[in-house]
Amino acid sequence: MLSILNGISQSLDAYLILSGVLFAIGSFGFLARRNAISMLMSIELMLNAVNLAIIAFGAFKLALNVDASVIALIVMAAAAAEATVGLAIVIAIYRNKKTPLVDEYDAMRQ
Amino acid sequence: MHFLPSLILATETGSQAVAADPGMYGILIPLIALLPILGFAFTALFGRRLQAKLGRWAAEIVPVGLIIAVWVIAMVVVFPALGHAEPFGEKGLDVKLWTWIPAGNFTVDLGFHVDALTAALLIVVTTIGMLVHIYSIGYMAHDKSTWRFFAYLNLFMFSMLILVLANNWLLVFGGWELVGLSSYSLIGFWYHKRSAALAAKKAFIVNRVGDVGFALGIMAIFVNTGTMNIQESLARLTEPGAAFTIPLTIVALLVFCGAMGKSAQFPLHVWLPDAMEGPTPVSALIHAATMVNAGVYLVARANPLFASAQEAMVVVAAIGIFTAILAASIAFTQTDIKRVLAFSTLSQLGYMFAALGVGAWTAAIFHLMTHGFFKGLLFLGSGSVIHAVHDEQDMNRMGALWRKIPITHLTMLIGTIAIAGIPVFAGFFSKDEILGEAFKNQFYWVWAIGLVVAVMTAFYMWRLMGKTFYGTSRVDPAVEPKIHESAWQMTLPLILLAIPSMLLGLVLGGGTFLGQESLIGGWLKPVFEQSEEIMGRAAEPFQLFGIDGFLVVLSVAAALAGLLSGIYLFGIFRRPVQQDKVDAISNANGATKFLYRASLNKWWFDELNDLLFIRLGGRLAAFLWWFDRTIVDGTVNAIGGVTRDAGGGLRRIQTGRVQNYALGIAIGLIVMAGSFLVIVGQPR
């Protein structure tokens with residue numbers, strides 16, 4: 001067992017369950033919330049859930065340790081970039097439509 | 001033409017290979033064609049303003065002056081060409097301006113070829129063209145847009161001269177189409193008159209039918225020989241033992257098809273009578289003396305081709321002589337003075353084709369020349385008559401004009417005697433030569449029908465004279481005191497045309513009767529020599545006291561019979577019209593009645609065309625339109641409709657809301673992950 005896990009749960013399942021729950025919350029938020037900002041936040045939640053699963057695998061399987069850390073860093077960087085671009089788009093649309101609600105964004109349909 | 005085997009060229013056209021230096025003719029010949037188009041451009045661009053500002057003369061002086069210059073130049077060119085003098089020689093002179101279409105094996109030069117045949121046509125075209133231009137000054141003196149008329153006339157002269165001068169088939173075709181265009185513009189010159197506009201359209205469309213054949217013929221010639229040059233292609237077509245992709249008979253018939261359209265031969269003759277809607281100088285120039293001769297010229301130019309395709313020549317002879325008798329029969333009953341002359345033109349053109357068909361090439365060109373002059377004269381004379389009685393064309397409203405318009409009367413009398421074929425006048429020599437050659441070449445049926453047509457020609461021409469100039473006056477009483485002889489611009493061309501109508505035949509063909517070669521025979525001998533050799537016709541000496549003399553007596557008797565019966569019925573000078581006898585004929589019953597009505601209705605050819613092409617053709621077109629609309633368009637529209645409806649249905653799933661798409665992605669992801677688990681979780 002790895003020393004970094006001292007004082008916290010020793011079970012991989014616990015982390016994966018937490019990750020799964022977080023991902024489910026994120027997906028529900030993304031599908032259910034009408035506010036564009038909330039949807040962006042839900043995406044962050046899903047990304048972090050995935051990241052948590054990756055880190056957990058890295059901690060419990062020695063062979064995956066380094067790989068998992070690198071992937072997690074890359075996902076963080078991607079998440080940061082995505083958040084920036086997403087927020088910029090949402091603000092741009094907001095300026096046009098004067099609403100943050102995505103149901104109103106139906107220009108694609110016409 | 002360096003792509004072609006040079007051997008053939010060197011042996012076949014050896015004399016042309018070392019082409020003579022054209023000298024000053026290298027400039028004069030292109031100038032003949034160039035001046036009229038300059039006149040057209042100038043008059044079309046500036047004519048209207050000049051006429052409005054300076055008066056009628058300003059718009060007339062350039063086009064008329066240029067045509068007179070063209071006549072002078074043409075005369076300079078024509079006489080050495082006819083006499084086979086250097087640099088023309090017997091083969092004629094080629095003047096190449098530049099290579100028009102250089103495209104690999106397909107090379108077309110813009111060039112002219114002048115030999116005796118071209119020169120003979122040049123005489124007719126430029127002389128009558130010039131006289132008609134002068135005449136038009138008088139005839140169009142009351143028209144608002146004289147400038148437009150003269151611009152078109154110059155365009156016509158350009159087109160006709162290109163047609164005659166061209167040294168390759170493509171350029172001939174260009175001129176061929178251009179004469180059609182200018183003829184269309186001139187027939188429809190008074191386009192505000194519905195009948196004139198319709199007649200112009202009819203002429204154009206009927207001509208197009210023939211032109212398709214001509215275009216196909218030119219293509220066939222190119223396929224067979226690989227060259228567009230007239231002389232080279234004809235030389236190659238007549239090479240002994242040569243094999244061709246397309247049989248020569250078909251090629252010859254296709255070319256003849258074009259000639260039928262332009263020269264208005266049966267069944268494409270229907271446009272010419274209607275073309276009389278145009279101003280009378282146009283009828284004289286285009287529809288009597290020049291353009292309608294283009295078909296005769298074409299067949300004569302392609303004579304080696306026709307000589308190598310004897311079956312086609314029989315067709316030419318048959319169509320020609322049939323048109324001759326058909327048109328003559330129609331001319332019997334027409335009352336419009338110009339229409340009588342139009343049918344007479346058809347009939348005489350039929351004579352020329354009959355001559356070409358029996359192999360009497362020289363006689364055909366001879367008749368072309370004499371006919372050009374006397375028919376031009378008759379048309380211009382009829383124009384003078386129409387002018388005198390204030391635009392009345394119906395002969396039933398003329399009569400007793402001979403003392404009021406003496407110059408017109410006298411010149412038209414000369415024209416009538418010339419066309420009837422009374423000795424010493426022009427028509428006698430050429431017509432007699434055609435009939436004699438037909439007889440001697442064993443085309444007895446052509447000779448017999450031709451003799452009947454000669455009687456008919458003399459008769460209907462005298463009917464025209466009698467109804468117009470003699471008997472009692474039926475002119476509108478309001479117009480009667482105002483009848484006057486036309487201005488000098490109109491009578492001068494009449495007098496100038498009357499001279500060749502009297503003498504041209506004697507000058508050109510008189511030599512035959514002295515047992516020598518006639519003048520025109522000598523001129524045209526090199527052009528037709530080869531064909532006569534191919535056909536195996538040996539020149540027989542003329543026997544004045546043998547068969548030839550007998551034929552001459554017969555044809556003179558025929559002409560006199562027609563003329564005297566005409567005089568008996570329709571009067572001369574003070575002798576009145578035998579109106580009761582004329583009425584008896586027109587009111588007779590039985591076969592006579594049928595013939596009378598057939599002639600009056602032009603043998604119902606317009607009605608037949610109406611039935612065939614307007615009604616039945618219209619039905620067919622309507623059916624095809626229906627087919628196109630319902631079947632063809634239906635299929636296309638059905639495919640389009642299905643695609644559109646499918647799209648319309650499928651677009652419902654495109655809501656444009658980002659969360660619906662996200663839900664789709666989520667469900668897809670769950671399905672994929674679930675099926676992955678199911679598949680991987682299967683026990684192996």
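**From the hairpin to the core**

Over 9 bridges, strand 1 (residues 93-103) of chain B pairs in the antiparallel sense with strand 2 (residues 106-114) of chain B, where pairing requires that DSSP finds at least two bridges between two strands. Within this pair, Leu93(B) stands opposite Val114(B) in strand 2 of chain B. The two strands form a hairpin with 2 residues between them, and Gly104(B) in the turn has a positive phi of about 60 degrees.

This is a predicted model, in which local features need pLDDT of at least 70 and side-chain atom pairs count only at pLDDT 80 or more, while totals for chains, interfaces and linings use all residues. Residues are numbered from 1 along each chain as its sequence is written, and chains are lettered from A and ligands numbered from 1 in the order in which they are written.

Chain B has 27 helices and 2 strands, these being DSSP runs numbered from the N terminus (helices H or I, at least four residues; strands E, at least two). Its C-alpha atoms fill a box of roughly 125 × 70 × 60 Å along the principal axes. Of the 684 residues in chain B, 50% are buried, a term that calls for 20 or more other C-beta atoms within 10 Å of the residue's own, with C-beta atoms placed from the backbone.

The largest nonpolar core has 216 residues, and those with the most contacts inside it are Ala354(B) and Ala364(B); such a core is a set of buried Ala, Val, Leu, Ile, Met, Phe, Trp, Tyr and Cys residues joined through C-beta atoms within 7 Å. Helix 5 (residues 116-139) of chain B supplies the largest share of this core, 17 residues.

Helix 5 of chain B packs against helix 17 (residues 361-388) of chain B at an angle of about 5 degrees, with their axes 10 Å apart. The two helices are therefore roughly parallel to each other, the word covering angles under 35 degrees. Among the residues that make the contact are Leu117(B) and Tyr139(B) of helix 5 of chain B, and Ile365(B) and His387(B) of helix 17 of chain B, contact meaning C-beta atoms, placed from the backbone, within 7 Å.

Why does Leu349(B) count as buried? Leu349(B) does so because 31 C-beta neighbours lie inside 10 Å. Leu349(B) lies in helix 16 (residues 337-357) of chain B and, not counting residues up to four places away in sequence, touches Ser263(B), Ala264(B), Gln265(B), Val292(B), Val296(B) and Thr323(B). Val296(B) is also in contact with Ala364(B), as are Ala300(B), Met352(B), Ala355(B) and Leu356(B), leaving aside the neighbours of Ala364(B) within four places in sequence.

Finally, the contact between the chains takes 9 residues from chain B and 10 residues from chain A.

Definitions and conventions:
Buried ≥ 20, exposed ≤ 12 C-beta atoms within 10 Å, placed from the backbone. Contact = placed C-beta atoms within 7 Å. Axes fitted to C-alpha atoms, helices over the stretch in contact; angles between N-to-C directions. Parallel < 35°, antiparallel > 145°, perpendicular 65-115°, else oblique.
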